Amino acid sequence: MESQLNEIRATPQGLDKEDSSATPHGGIKDRYGEDTASENQMVTPWVRMVASGVELLRDPRFNKGLAFTEDERDHHYLRGLLPPVHMSQELQVQRIMHNIRQCEDPLDKYVALMELQERNERLFYKVLVDHVTELLPVVYTPTVGEACQKYGIIFRRPHGLYISLKDRGRVLDVLKNWPETSVQVIVVTDGERILGLGDLGLQGMGIPVGKLALYTALGGIRPSACLPITIDVGTNNEELMNDPMYLGLRQKRVTGQAYDDLIEEFMTSVKQAYGEKVLVQFEDFANHNAFRLLAKYASTHLTFNDDIQGTAAVALAGVVAALPLTGGTLADHKFLFNGAGEAGTGIAEIIALEVSKQGKITLDEARKKIWMVDSKGLIVKSRFESLAQFKKDYAHEHKECKDLLEATKALKPSVLIGTSGQRGTFTKEVLEAVASFNKRPIILALSNPTSKSECTAQEAYTHTEGRGIFASGSPFDPVEYKGKTFTPGQSVDGESRPGSLTISDERGFGIFAFQSNNAYIFPGVGLGCIISGAIRVHDDMFLAASVALGKILTKEQLDQGMLYPPLENIRDISAHIAASVAEKAYTLGLATRLPQPADLLEYAYSCMYSPAYRSYR
């Protein structure tokens, strides 16, 4: 991606001198009492005035429900407004989880969690942090896809900001309507390519909302510092435009100069409102906009595209983790992608970057180990003139192959990666072919939600005779293999864990499926940018994140064949990634928070949001 963006990097500016004595490990003074380092400090629940009585109970930032103490009920005029019982936050979590588990429909669970966020913010994040493995598929993929499709029906209260074509010339005024002024992370979408579901217009807001919930729960970014935004430029989805419940503009998508002008006004206004160091994450933009917007703003803003760079980093980490199982180095493998969009080319580019660094070869030489299949077949030199710009680097000399199966037989790849968003493209014939010339083929079916995955765990295991090393972008149910039922590993609370499936056959092969999820990477990258005061995102920061993720695996986990660490440890994972990203930012001269903390890992931990209830004066 570095070369594709033409090496556009800006020089550091605006260095900030911070008070390193304010909190442990050189952290920054936490005025809101949200960070781990400030858990024991007293706070005052105030906005424009001290919240009390019914207003306090109705403010999700400060409401504690039945956890208010006797003194707090007296001091804040709550006596009689609550039942007399005192219920600890831990018991509240148990009650919430009991109610969530009564819901059979995942969308009902999603709605229940969103309603909890609207009435008790800290309890919502406490529930999510304590039960991350069970609830991650609910608050994000795959359930968030259905939530976006039905957004007009399930809409309760607005989350984030909605910027539409009607706001041209007034985008800064819209941003000023947001009640928080210390925004550090923005996730923005235009709704044109939501997961594998296509153009959902304004209803794509579920994606920024879900991503930022994970930024807080998994990466420790304060909720008050997070802002989800949807830019509504219309939709080409006729079904939505004819739906009376649709909440967005009922017009065809605006393109060209009008679109670019609105995005430019938005990006300019963001820096005016929140400063140079606000992180803007582009999410689910269509290919024709994703690459050019990233290239345009990478040199002027702290920004990245999670579909391109985040997906790439987590995929690279999985491939690197599989090397002890397959043998050899990254450069020894041949990669074949099914899907050459923003995710596929982003993964290809970060793999090529790492191969070039490890092998001390040029980037062009490294790219020759990577092949891609799109809707017209294998990308080769003879198709060069008709290719989109971001595909041209992967057009190599070879005869044309009309489909994935023909390309697989001709190229004999050892790593098969799916980013097509097309269900079932890793057919029985393709999987059997890749297994026929590899002892341990690596198969990454990364498209999500589950309904779009290139193959299931069952198919991957069955058609590779139990030798495949499999990872997916969404979780799968327990697997039936050779007459046996194998269920996912168990989380600490005894609930089913979709993060890994463990199977063994009579030959002693270990077979494992892991959810390859961007949630392993982007929360830590965001936290690393914040704690270092980074002003730009460099590709080496994503490489650092991938390496950090791979190093977290223990020898025992590697011996078991695990590609990714357990999700229940995700906050620790995010802290390690944040420290590595911050260290790289300092090395590259992109960090502005000086002096550099002596221990970046401890510093990252001290700055992470804690959802524990605070005591009120």
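Which strands does helix α14 lie across, and at about what angle does this helix run to β6? Helix α14 (residues 306-326) lies across β5 and β6 and runs at about 75 degrees to β6, where axes are lines fitted to C-alpha atoms, for helices over the stretch in contact, and angles run from 0 to 180 degrees between N-to-C directions. The model is a predicted one, in which local features need pLDDT of at least 70 and side-chain atom pairs count only at pLDDT 80 or more, while totals for chains, interfaces and linings use all residues. Residues are numbered from 1 along each chain as its sequence is written, and side-chain values use heavy atoms, with hydrogens and water left out. Helices (H or I, at least four residues) and strands (E, at least two) are DSSP runs, numbered from the N terminus.

**Confidence**

- The chain averages a pLDDT of 87, and 87% of the residues score at least 70; pLDDT is the predictor's confidence in each residue, from 0 to 100.
- Over residues 7-22 the pLDDT is below 50, and this stretch has 40 contacts in the model beyond near neighbours in sequence, a contact being heavy atoms within 4.5 Å.
- Residues 484-516 also have pLDDT under 50, and for them the model has 102 contacts beyond four places in sequence.

**The sheet containing β5 and β6**

- An open sheet is formed by 5 strands in the order β2-β4-β3-β5-β6, with parallel pairing; two strands pair if DSSP finds at least two bridges between them.
- The edge strands of this sheet are β2 (161-164) and β6 (302-305), each of which pairs on one side only.
- Neighbouring strands of the sheet are turned by 25 degrees against each other on average, with direction ignored.
- Strand β5 (residues 279-282) pairs with β6 in the parallel sense over 4 bridges, and Leu279 has Leu302 in β6 as its bridge partner.
- A right-handed β-α-β unit is made by β5, helix α13 (residues 287-297) and β6; right-handed applies if, with the strands pointing away from the viewer, the path from the first strand over the helix to the second runs clockwise.
- Both faces of β6 are covered, with Leu302 and Phe304 on one side and Thr303 and Asn305 on the other, all of them buried; buried means under 20% relative accessible area, exposed over 50%, and partly exposed in between (1.4 Å probe, protein chains only).
- Helix α20 (residues 522-532) lies across β3 (185-189), β5 and β6, and runs at about 170 degrees to β6.

- Strand β10 (residues 415-418) pairs with β11 in the parallel sense over 4 bridges, and Gly418 stands opposite Ala445 in β11.
- From β10 the chain crosses through helix α18 (residues 428-436) to β11, in a β-α-β crossover that is right-handed.
- Strand β12 (residues 469-472) pairs with β11 in the parallel sense over 4 bridges, with Ile443 standing opposite Phe470 in β12.

**Packing of α5 and α6**

- Helix α5 (residues 121-130) packs with helix α6 (residues 132-139) at an angle of about 115 degrees, and their axes are 6 Å apart.
- The contact is made by Val127, Leu128, Val129 and Asp130 of α5 together with Val132, Leu135 and Val139 of α6.
- By class, this contact of α5 with α6 has 6 nonpolar, no polar and 1 charged residues, where Ala, Val, Leu, Ile, Met, Phe, Trp, Tyr, Cys and Pro count as nonpolar, Asp, Glu, Lys and Arg as charged, and the others, Gly among them, as polar.

**Backbone geometry in loops**

- Most residues other than glycine have a negative phi, and most peptide bonds are trans.
- The peptide bond from Thr141 to Pro142 is cis, with omega near 5 degrees, and Pro142 lies in the loop between α6 and α7 (143-149).
- The peptide bond from Leu594 to Pro595 is likewise cis, with omega near 0 degrees, and Pro595 has its place in the loop between β18 (593-594) and α24 (600-607).
- Asp284, in the loop between β5 and α13, has a positive phi near 60 degrees and is buried, with a relative accessible area of 1%.
- Lys360, in the loop between α15 (342-359) and α16 (363-367), has a positive phi near 55 degrees and is exposed, with a relative accessible area of 77%.
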